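How do you read a protein model feature by feature?

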Amino acid sequence: MKHPEPTEVNPVGAFDDTPLARELSEITRRKLALAAQRLPLPPKTRVLTVANQKGGVGKTTTTVNLAAALARSGARVLVIDLDPQGNASTALGIEHRSETISVYDVIIGDVPMAGVVQKSPEFESLYCLPATIHLAGAEIELVSLVAREQRLHTALDQFLAESPDLFHYVFIDCPPSLGLLTINAFVAAQEVLIPIQCEYYALEGLSQLLNNIKLIERHLNPVLTVSTILLTMYDSRTNLANQVAQDVRDHFPDQVLNTLIPRSVRISEAPSYGQTVISYDTNSTGSLSYLEAAAEIARRGAPQ
């Protein structure tokens with residue numbers, strides 16, 4: 001009886017073409033590429049408002065992770081939490097109990113920002129102006145105030161002018177609405193960053209947001225421009241996500257970043273530990289994606 005020839009086993013490289021091996025190889029490549037680059041710092045402060053009146057698109061997640069990614073690269077970054085839920089403050093490990101002096105006191109009580117801004121434990125050059133639950137009533141209180149649309153702009157300008165060190169970036173996290181708080185954020189910024197989820201109805205309501213931005217530009221802030229659109233919650237396994245991504249790129253070819261932010265358990269877990277995904281799990285795909293998006297924003301520079 002003839003025995004079958006023994007199969008030759010090649011332990012070296014036997015598993016280098018598996019999906020897991022390819023994924024690990026791609027992660028390693030991305031990490032090396034990020035480590036090799038040195039990001040340019042803007043010569044003057046870039047103020048970006050992160051806005052989309054549609055809830056659950058990743059506004060706060062995008063705000064804190066881009067801010068952390070840029071701070072990690074050496075930039076001096078301030079996050080202004082303008083959402084009464086205070087989720088950005090939580091993610092950055094910032095104290096924001098109801099008795100904490102917050103952005104509410106700045107825009108309603110004219111308290112100087114310098115005494116309210118806190119340093120985040122995440123990175124040495126990352127700061128946050130926290131939000132508390134008191135901000136929930138600010139929309140009503142702002143109605144009767146003088147220069148109600150300019151309150152944040154005035155306070156931020158004074159803070160940046162008096163700061164002994166240049167802040168390279170300011171990110172303003174907006175509530176999911178188009179009320180007076182969001183208008184204050186638009187008036188205070190030069191750039192708008194819009195996160196768009198790669199899901200059905202992604203473009204719904206976007207025209208309303210863009211019309212509002214045009215009105216702000218025309219009547220209150222002539223330098224305001226939509227400089228950046230970031231695609232979030234991307235799942236490459238679905239045709240829908242790919243179609244939405246392509247649709248957005250077709251409509252806004254100059255504003256959409258090349259980087260896509262994937263759906264990621266690590267991104268969702270990080271805030272429960274009072275961290276961004278950048279420090280929570282630096283090697284995760286979510287962290288790498290935000291680091292790559294931040295690098296794109298830095299290299300593109302401010303719109304001319």
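Predicted model: local features only at pLDDT ≥ 70, side-chain atom pairs only at ≥ 80, totals over all residues.

Q: What does the span of helix 8 tell me?
A: Start with the terms. Helices (H or I, at least four residues) and strands (E, at least two) are DSSP runs, numbered from the N terminus. The expected span of a helix is 1.5 Å times one less than its number of residues. Helix 8 covers residues 206-219, which is 14 residues, and should span 20 Å. Its end C-alpha atoms are 20 Å apart, which agrees.

Q: Which residues of helix 8 are buried?
A: Buried means under 20% relative accessible area, exposed over 50%, and partly exposed in between (1.4 Å probe, protein chains only). In helix 8 the buried residues are L206, L209, L210, I213 and I216. They fall within an arc of 115° seen down the axis, so they line one face of the helix. The arc is that of the directions from the helix axis to the C-beta atoms. On the other side of helix 8, R218 and H219 are exposed.

Q: What covers the buried residues of helix 8?
A: Contact means heavy atoms within 4.5 Å. The cover includes helix 7, strand 6 (191-197) and strand 7.

Q: Which residues of helix 6 are buried?
A: They are R151, L152, A155, L156 and F159. These cover an arc of only 115° around the axis, which puts them on the same side of helix 6. Among the elements they pack against are strand 1 (46-50), helix 4 (103-109) and helix 7 (180-188).

Q: How do I find empty space?
A: Rolling a probe the size of a water molecule over the atoms shows where empty space is left. On a 1 Å grid over the protein atoms alone, a cavity is a set of points where a 1.4 Å probe fits but cannot get out. A pocket is an open set with protein on both sides within 12 Å along at least five of seven lines. Lining residues have an atom within 4 Å of a point. Grid points are joined across faces, edges and corners, and a volume is the space filled by probe spheres set on the points.

Q: What lines the largest cavity?
A: There is 1 cavity of 30 Å³ or more. The largest cavity holds about 40 Å³. Its lining is P112, M113, A114, A155, Q158, F159 and E162. A155 and F159 are also among the buried residues of helix 6.

Q: Where is the centre of the largest pocket?
A: The largest pocket holds about 500 Å³. It has 29 lining residues, and the closest to its centre are G58, K59, T60, T61 and M233. Helix 2 gives the largest share of the lining, 5 residues. M233 sits in strand 7, and its phi is near 55°, a positive value in a residue other than glycine.

Q: Is L257 buried or exposed?
A: L257 is buried, with a relative accessible area of 0%. Its place is in strand 8. Among the residues L257 touches are T228, I229 and L230, not counting residues up to four places away in sequence.

Terms used
Residues numbered from 1 in each chain as written. Heavy atoms only, no water.
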